[in-house]
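Please look over the structure shown here before reading on.

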Amino acid sequence: MKTTRRQFIKVTSIGLGGVTLAGGSLSFLNVFKSEKDNRGLDMSEMTRYPTYCDICFWKCAAWTYVNKEGEIKKIEGNEEDTHCRGRLCPRGTGGLGSYYDEDRLKTPLIRVQDGDKQTFREASWEEALGLVSQKMKEVKDKYGPESFALIKHGAPGTHFEHLFLSYGSDTIAEPAYAQCRGPRDDGFKLTFGTAVGSPEPTDIRDAGCLVLIGSHIGENMHNSQVQEVSDAIDKGITIITVDPRLSTIANKSKYWLPIRPSTDIALLLAWMHVLIYEDLYDKEYVSKYTVGFDKLKDHVRNFTPEWAYTITDIKPKAIRDTAIEMANAAPATIVHPGRHVTWYGDDTQRSRAIAILNALLGSWGRRGGFYFKDKANIPDFPHPEYPEPKWTWKELSKGKYPLVSSGITNDVIKASIPEEKTEHQIKGWMIAGTNLTQSVPDKENILKAIDTLEFLVVVDTMPMEITGYADVILPECTYLERYDDMRAATWRTPSVALRMPAVEPKHETKPAWWIAKQIGERLGLHEYYKYNDYTEVLDWQLKQIGSSLEEMKKIGVKNFERNNDKLYLKENEDYAFATPSGKIELYSQELAGLGFDPMPVFTQHELPPDNYFRLIYGRAPMHTFSKTINNPYLSDLRDENHLWINPRVAKIWDLKQGQEVWLKNQDNVVSGFPIKVRLTERIRWDSVYMEHGYGHNNKKLSRAYGKGASDSEMMTKLMIDPLMGGTGLRGNFVTIITTNPHKNIES
Ligand SMILES: Nc1nc2c(c(=O)[nH]1)N[C@H]1C(S)=C(S)[C@@H](COP(=O)(O)OP(=O)(O)OC[C@H]3O[C@@H](n4cnc5c(=O)[nH]c(N)nc54)[C@H](O)[C@@H]3O)O[C@H]1N2
Ligand SMILES: Nc1nc2c(c(=O)[nH]1)N[C@H]1C(S)=C(S)[C@@H](COP(=O)(O)OP(=O)(O)OC[C@H]3O[C@@H](n4cnc5c(=O)[nH]c(N)nc54)[C@H](O)[C@@H]3O)O[C@H]1N2
Ligand code: SF4
Ligand SMILES: [Mo]
């Protein structure tokens, strides 16, 4: 087998015809508000099995319904579950499409050389697992286990993490950090001593005012969060949305502030200025719980709304009025920390500014602000200590980014390119549950790394782009066909939820726990796998917390009393925050010590050059990233994205509604596929917007191939956060091409 110069293998799949769901396509709102049985299914004929949804990371507990013929008919929210309150979002309801998708990976595949062409051939599990463990052994013997990296996301991650730690490698990274919420969690930790975490401990149900900086809740479909916002709207909450685009939630807000993209820190500083200089902040809270107030007051002295207006495009009156709204509702005011916050490279500082604003409003630890979260502590199944690796992900990033707190995908990628001459070299990758070329904006380096890796194994459910580069593809079964770890996420009250198979795995697919164990045993790590079946692990763990697998199979989700009675701070109570000073750090001594700005400052970022627009992007409500675009039911809801353009711009450019255009970015990268124009006043003139996840270029994805354009493809400029290594994605500019730039090279 040739292991260098991997060609990306595209094989046109043989279509088996779309699988249809009784009752036709899913309607977005109807599904979200669906009543049981609205498709006339005879429920008495069904058996239900508990699961928690895997279509996104909100992990709603649900029931999978299977008929007498053993067919999955529907998935419904578990009424007892706080994450979903009995209702799934459209993606969760359409989740069974991931099971029925005829394009699924079906058997292990091994790359082979056929003349000058490379292709995949089907292989038995025995052969594929043998090859993976042989390669892992080889890398361990030649370079040390640390040189085999795991890049993972989501459910399969924990199973392979255990495998890698047992094998001796903690060279582990995932896009959820440097491409998602890393800067937010690090920024809040610097300020309050606690990361925000997931789900966010925002007490929206009791909030009087909600400020959303970009966060497009409603398109960002995190279930109970959307439900709490929706209830709060009914109760008359004041929403202030800062977004260059009239998002769904901006449309429901009392104030929409269509900010010039990249200038949010100026607005945040001006809000601080108004709260402090107009005496609107929570004085008692600030004096009792914070340090550095006088320095902050000095710092924001000149950051008036008039100053911010010239930068942000937001009128001084709007800035004052919204600050007053926040103060009026405080402490039941939430300045939402956001979630995908890797925007402009100063994201930890923007998150700090958001945290500081919340501190001035006294909302951390207060009803209607942020509650103190709690969770069920599930112990690890007993195993020997993990061996101590000689180096880990930390050594790849720590010297560069002093506050890095999790593995950075881009640093793992860099350390896999010999020309980069990094101190530690990576030779093999396992990729599980992340479509790296769509989710990590470093395609050139990804391809360079892949070109020289000694071995690449991908564990996925679908023939996604990343599988095209693998030496071995291991097909995982979907979440509806497997056990996984218990869900024990943080919340107002602790809970656990079980995922169990509703049906046997289709084709030759297998669960991640099984794949990891098989590889582990081939590597001689039997001591770390002292069970025959994962049910033994789950039952043991559940028994430690007063439940059992038998009980959980019946109820699916179990709610517990809080371990700690403190949901909010008590009136005037003494409280030590987990920061170096024990206080909320408005001024960060830690940042000052590291030579960084101890309080957030505004930096002017580059604005789009003439004839270019800033490329901004967000979520399609019925899709999750790139992974659901091929889902038969969800693709039915929206199978392509559109390019939002302001009509005034369109007039100058002579663009028509629905017209196909191509994009070219500042580095002359041209989009592979066209995207249709959507003319709308809902976007500023200086930006264009598209939903992330589309523009698949693997022909094996029969529904998703060539539909819409990929935002990732246009992201060749990264704005790196010097504190923690986050990759800001919004510094890319695009111009519009109206004639097909690929015409001459198309076959
Ligand atoms: N349906 C659905 N829901 C999801 C997901 C999904 O894939 N599908 N993914 C989940 C995950 S993992 C995450 S991290 C979250 C992400 O969701 P959020 O954290 O809510 O969203 P962001 O990606 O930060 O922001 C997108 C919004 O920012 C606006 N924006 C662009 N530039 C700027 C700017 O400079 N300033 C301001 N103020 N706004 C700007 C865009 O117009 C857009 O409305 O969504 C979660 N929910
Ligand atoms: N351009 C751009 N890049 C982004 C973002 C953006 O908005 N725009 N968003 C960023 C954010 S916030 C996040 S959180 C990341 C998300 O990044 P990723 O998690 O990488 O998202 P996906 O592209 O959906 O890739 C998920 C992969 O997991 C596979 N998969 C699905 N289910 C299973 C399963 O059960 N088992 C296994 N083994 N595999 C499975 C899918 O087929 C797919 O290949 O992307 C980040 N990158
Ligand atoms: S929010 Fe939707 S997609 Fe995410 S876990 Fe819940 S039901 Fe599934
Ligand atoms: Mo994310």
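**Cysteines, a ligand site and aromatic rings**

C60 counts as buried because its relative accessibility is 7%, where buried means under 20% relative accessible area, exposed over 50% and partly exposed in between, with a 1.4 Å probe and protein chains only. This is a predicted model, in which local features need pLDDT of at least 70 and side-chain atom pairs count only at pLDDT 80 or more, while totals for chains, interfaces and linings use all residues. Residues are numbered from 1 along each chain as its sequence is written, chains are lettered from A and ligands numbered from 1 in the order in which they are written, and side-chain values use heavy atoms, with hydrogens and water left out.

**Cysteines**

- The structure holds zero disulfides, a disulfide being a pair of cysteine sulfur atoms within 2.5 Å.
- C84 is in no disulfide, and the nearest cysteine sulfur to its own, that of C60, is 5.1 Å away.
- C84 is counted as buried because its relative accessibility is 0%.

**Around ligand 3**

- The residues around ligand 3 include C53, C56, C60 and C89, together with W58, K59 and R91, where a residue is near a molecule if one of its heavy atoms lies within 4 Å of it.
- The shell around ligand 3 divides into eight nonpolar, two polar and two charged residues; Ala, Val, Leu, Ile, Met, Phe, Trp, Tyr, Cys and Pro count as nonpolar, Asp, Glu, Lys and Arg as charged, and the others, Gly among them, as polar.

**Aromatic rings**

- The count comes to 29 aromatic pairs, where rings of Phe, Tyr and Trp (its six-membered ring) pair if their centres lie within 6.5 Å, and planes under 30 degrees apart count as stacked, over 60 as edge-to-face and the rest as tilted.
- One of these pairs joins Y285 and Y289 edge-to-face, at 5.0 Å centre to centre and with 65° between the planes.
- Both Y285 and Y289 lie in helix α9 (residues 283-289), four residues apart, which is about one turn of the helix; helices here are DSSP runs (H or I, at least four residues), and strands are runs of E of at least two, numbered from the N terminus.
- Y285 is buried because its relative accessible area is 2%, and Y289 counts as buried because its relative accessibility is 5%.
- W343 and Y344 also form an edge-to-face pair, 6.2 Å centre to centre with 85° between the planes, and both W343 and Y344 are buried.

**Strand β7**

- I172 lies in strand β7 (residues 172-173), and I172 is buried because its relative accessible area is 6%.
- Although I172 and L150 are 22 residues apart in sequence, they are 4.8 Å apart in space, C-alpha to C-alpha.
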